[in-house]
Amino acid sequence: MVNNEKFGKVTYDNLPQAVEYLIKLMEMQVEKQNKDVSIEEDEMTIKEVSALIRKSISTIYRYTSQQSIPHTKLGNSLRFSRSEILVWMKVHRNTSIQDLSDEVTMESLKILNRS
């Protein structure tokens, strides 16, 4: 286990512990940088969301004003989380399939009632 004490002077006796400590510090720094990058990569602009969900920018604005799409407002700009948008798309895709199924059922009942 890495000891959290700082190594003033590295000697032959404490060299393995000092190296282990430095490796652990480097791993923690890399992990922190990866988290920072992943947060930045997850953030999307309205143009990127528009391209991803294949809707016009004005439609995206309408969704945000209706609070029907996950977003964050920073000053005058809108920001979206890619992971939240992907979840939102899955939920709404399932709803759309259900809506289509309901429509088909209703049309089938209308046809049966005509007979």
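At 43% relative accessibility, Glu43 is partly exposed (buried means under 20% relative accessible area, exposed over 50%, and partly exposed lies in between, using a 1.4 Å probe and protein chains only). This is a predicted model, in which local features need pLDDT of at least 70 and side-chain atom pairs count only at pLDDT 80 or more, while totals for chains, interfaces and linings use all residues. Residues are numbered from 1 along each chain as its sequence is written, and side-chain values use heavy atoms, with hydrogens and water left out.

**The sheet**

- Three strands make an open sheet in the order S1-S3-S2, with antiparallel pairing (strands are DSSP runs of E with at least two residues, and helices are runs of H or I with at least four, numbered from the N terminus; two strands pair if DSSP finds at least two bridges between them).
- Strand S1 (43-44) and strand S2 (72-74) are at the edges with a single partner strand each, so one side of each has no neighbour in the sheet.
- S1 is joined to strand S3 (residues 77-81) by two bridges: Glu43 has Ser81 as its bridge partner, and Met44 stands opposite Phe80.
- S2 and S3 are joined by three bridges, and Lys73 of the sheet stands opposite Leu78 in S3.
- The hairpin of S2 and S3 has two residues between the strands, and Gly75 takes a positive phi near 65° there.

**The salt bridge**

- Side chains of opposite charge can pair when their charged atoms come close.
- Glu43 forms a salt bridge with Arg79, their closest N and O atoms being 3.4 Å apart (the rule asks for a side-chain nitrogen of Lys or Arg within 4 Å of a carboxyl oxygen of Asp or Glu).
- Glu43 lies in strand S1 and Arg79 in strand S3, so the pair ties together parts that are 36 residues apart in sequence.
- Arg79 is partly exposed, at 24% relative accessible area.

**The largest pocket**

- The largest pocket has a volume of about 260 Å³ (a pocket is an open set of points on a 1 Å grid over the protein atoms alone, where a 1.4 Å probe fits, with protein on both sides within 12 Å along at least five of seven lines; lining residues have an atom within 4 Å of a point; the volume is the space filled by probe spheres set on the points, which are joined across faces, edges and corners).
- Eleven residues line the largest pocket, and the closest to its centre are Lys55, Trp88, Met89, His92 and Arg93.
- Helix H4 (residues 82-114) gives the largest share of this lining, with seven residues.
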